[in-house]
Amino acid sequence: MVKTKILLEGNTDEEKINKLLLNLTEGSSNSFPEGLKKLIPKGTVVNNVMVGNNLVTVDFSRELLKVSSDMEKPMVTAIVYSIMELGNYEGVSILVDGKVLDKYPNSLEEIPSVINKSIGINKNFSITSYNNINKVVIYYLENIDNNLYYVPVTKYVNDERDKIKIIVEELASSYIYESNLMSFLNSNVRLLDYKEDNDIMYLNFNDYLFDGNDKILEEVLYSLAYSVFDNYNVSMVSFMVNGQRINYVDREDNVIKEV
């Protein structure tokens, strides 16, 4: 599953969520990017969308249950992550014809009545012990049909360090566990210091954050910013090089801005 942007028309949250889920449904006619797989089974209808108390409840028709066994978990994850990207929601409840979907249709594994991003996405387990497990979401890149997409990976590691240290080290590594994933962060980059203050994450790097033209690649900034937003409750990431502020990314509009 990858992160992408689509235009959603609608005056209310309910209308936008409905349009979003239509984009995820097989056989629907919309502007969904080429090369990306739709995970909701063909013929599935959204009966109702309710938004209240920072929660979203979606009632689907029974066609949702026709999902294949290998796609049932990615489908639920895609629904939850996609909806939660639209607003400051705390969780999503999935219903089928008015009844809570409390088990996956094929494996019958239990599903929480309210699901949030703690469910994980594109999971990778790099652990040697069940003690001191740290869960970190890291955004890599993948080339699909000559288009670059950001791919969130939930990594489970035996590493008690602050998550931002793990994020930078993983993205700067010359080894990535999946051959189709990539990172443009220079392997010589070092996170000199960092702090979280007034809803902002300040990241201070050495000169290797720059490319050869004294610029910071967009792919580097977004990989880091998306990773921070999924692991920290901050509204902005400020990028510095040797103590000098260079760029920042705002969670709400996801646009790189120069200082």
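Leaving aside neighbours within four places in sequence, which residues is threonine 44 in contact with? Select threonine 44 to find out.

This is a predicted model, in which local features need pLDDT of at least 70, side-chain atom pairs count only at pLDDT 80 or more, and totals for chains, interfaces and linings use all residues. Residues are numbered from 1 along each chain as its sequence is written, and side-chain values use heavy atoms, with hydrogens and water left out.

**Stop 1: threonine 44**

Threonine 44 sits in the loop between helix H1 (13-23) and strand S1 (46-52); helices (H or I, at least four residues) and strands (E, at least two) are DSSP runs, numbered from the N terminus. With the sequence neighbours within four places set aside, threonine 44 is in contact with Thr25, Phe60, Ser61, Glu63 and Leu64, where contact means heavy atoms within 4.5 Å. The relative accessible area of threonine 44 is 11%, so this residue is buried (buried is under 20%, exposed over 50%, partly exposed in between, with a 1.4 Å probe and protein chains only).

**Stop 2: lysine 117 and its partners**

Select lysine 117 and glutamate 85, which form a salt bridge with the closest N and O atoms 2.7 Å apart. Lysine 117 is in the loop between strand S4 (99-100) and strand S5 (124-126), and glutamate 85 is in helix H2 (residues 72-86), so the pair ties together parts that are 32 residues apart in sequence. A salt bridge here is a side-chain nitrogen of Lys or Arg within 4 Å of a carboxyl oxygen of Asp or Glu. Lysine 117 is partly exposed at 23% relative accessible area, and glutamate 85 is partly exposed at 39%.

**Stop 3: aspartate 159 and arginine 161**

Aspartate 159 forms a salt bridge with arginine 161, with the closest N and O atoms 2.8 Å apart. Aspartate 159 is buried, at 18% relative accessible area, whereas arginine 161 is partly exposed, at 32%. Returning to the previous stop, salt bridges that share partners join Glu85, Lys117 and Asp230 into one network. A search of the whole structure finds six salt bridges.

**Stop 4: leucine 148**

Finally, select leucine 148 in strand S7 (residues 147-157). Leucine 148 is partly exposed, with a relative accessible area of 37%.
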